[in-house]
Amino acid sequence: MNDKITPSDTVSVWGISDIHIDYQENFDALLDIPIPSIKRDALIIAGDATDNINRLEELLSAMKQRFKWVGFVPGNHELWIREKNQTNISFSTSVDKFNAIIAMCKRIDVFTSPQQIGVGSSQLWLVPLFSWYHGPEENSASLYAEKTSKKDRTHEMWSDFFLTRWPEWKEGHTADYFLGLNTDRLEQEYSYPVLSFSHFLPLQELLLPSIQEQKTSTLLHKDLTPEFNFSRVAGTTLIDDQLRKINSQMHLYGHQHRNRYRKVNDVTYVSHCMGYPKERQRGLIASHCAQPTLLWDSTKGFY
């Protein structure tokens, strides 16, 4: 296969998150992406593919057959450690598993650090930002917002509290650890525009649907889980601080299984989640989200 790009070629960047490939329907939807005769494009995946590291490698390897560049950041699902793991790989902590995922990505040429793409004067930096969420008890940067429901059973309902294992942090919290891994990329010089991506949400404003989005689906403005408060585990505004430090013009994120397209203070935030098949069937996620969305190309710039 010829991967050489010429100045007359159009290079595109596609993005998606929350692909949950343990559902074969989701895995098959991504395999439906044609294998091109010449690979010119990039795909970025903003986390939550699977907690099975072997299946993750299978998916990323398949995407490398379709895209010249593939970028990935782990989400919360990737860092789950189950007692009965199909991979027969043992991890002491979720940090160990994170490191194994990063090593696997490097081995199959999937980027998890800043990647320059494009050709000639039409080039772009794709910058992955590692992240986690701050709880309201941990940091004022938490995206937490109280709900009208008197019951908050989030700690009983959220799988991360049972399926992740963390070291005893000497200082800070889990989110601080992952944000700290971005230090070098925050200090790097970027000579072309930047498109960043993280799994977790960078702003509280992104939690709620716009009026137009509510018109698209009547379910979006209804609280379907009154005893669960997603904002408690949504993200942290320190992600936003980081993406603005590198002058990111567009940021792809995931995690919330709701799709958003917002511009806030000159940054465009895009959530394009594939989600679960049942969410697409119910209209919580549009059916076209089973495929990546176009974020940028070398002819027209950002979309």
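**Close-up views of a predicted model**

**View 1. Helix α2 against the five-stranded sheet.** In this predicted model, helix α2 (residues 53–64) lies across β2 (42–45) and β3, and its direction makes about 150° with that of β3. The five strands form an open sheet in the order β3-β2-β1-β10-β11, with mixed pairing. At its edges stand β3 (69–72) and β11 (301–302); each has a single partner strand, so one side of each is left without a neighbour in the sheet.

**View 2. The pairing of β1 with β10.** Strand β1 (residues 12–16) is joined to strand β10 (residues 293–297) by four bridges in the antiparallel sense. Within this pair, Trp14 is placed opposite Leu294 of β10.

View 3. Strands β7 (residues 248–253) and β9 (residues 267–271) pair in the parallel sense over four bridges, and Tyr253 stands opposite Ser271 in β9.

**View 4. The surroundings of Thr93.** Thr93 belongs to the loop between β3 and α3 (94–107). Its relative accessibility is 15%, so Thr93 counts as buried. Beyond its neighbours within four places in sequence, Thr93 is in contact with Ile81, Arg165 and Pro167.

View 5. The side chains of Asp22 and Arg55 form a salt bridge, at 4.0 Å from N to O. The two residues are 33 residues apart, with Asp22 in the loop between β1 and α1 (24–31) and Arg55 in helix α2. Asp22 is partly exposed at 44% relative accessible area, whereas Arg55, at 18%, counts as buried. A second salt bridge joins the side chains of Arg280 and Glu25 (3.2 Å, N to O). This pair links helix α10 (residues 277–282), which holds Arg280, to helix α1, which holds Glu25, across 255 residues. Arg280 is buried, at 11%, while Glu25 is partly exposed, at 45%.

View 6. Arg153 and Glu156 meet through their side chains in a salt bridge of 3.2 Å, N to O. Arg153 is partly exposed at 32% relative accessibility, and Glu156 is exposed at 53%. Elsewhere, salt bridges with shared partners join Glu137, Asp152 and Arg232 into one network. The whole structure contains 12 salt bridges.

Methods
Residues are numbered from 1 along each chain as its sequence is written. This is a predicted model: local features need pLDDT of at least 70, side-chain atom pairs count only at pLDDT 80 or more; totals for chains, interfaces and linings use all residues. Side-chain values use heavy atoms; hydrogens and water are left out. Two strands pair if DSSP finds at least two bridges between them. Contact means heavy atoms within 4.5 Å. Axes are lines fitted to C-alpha atoms, for helices over the stretch in contact, and angles run from 0 to 180 degrees between N-to-C directions. Buried means under 20% relative accessible area, exposed over 50%, partly exposed in between (1.4 Å probe, protein chains only).
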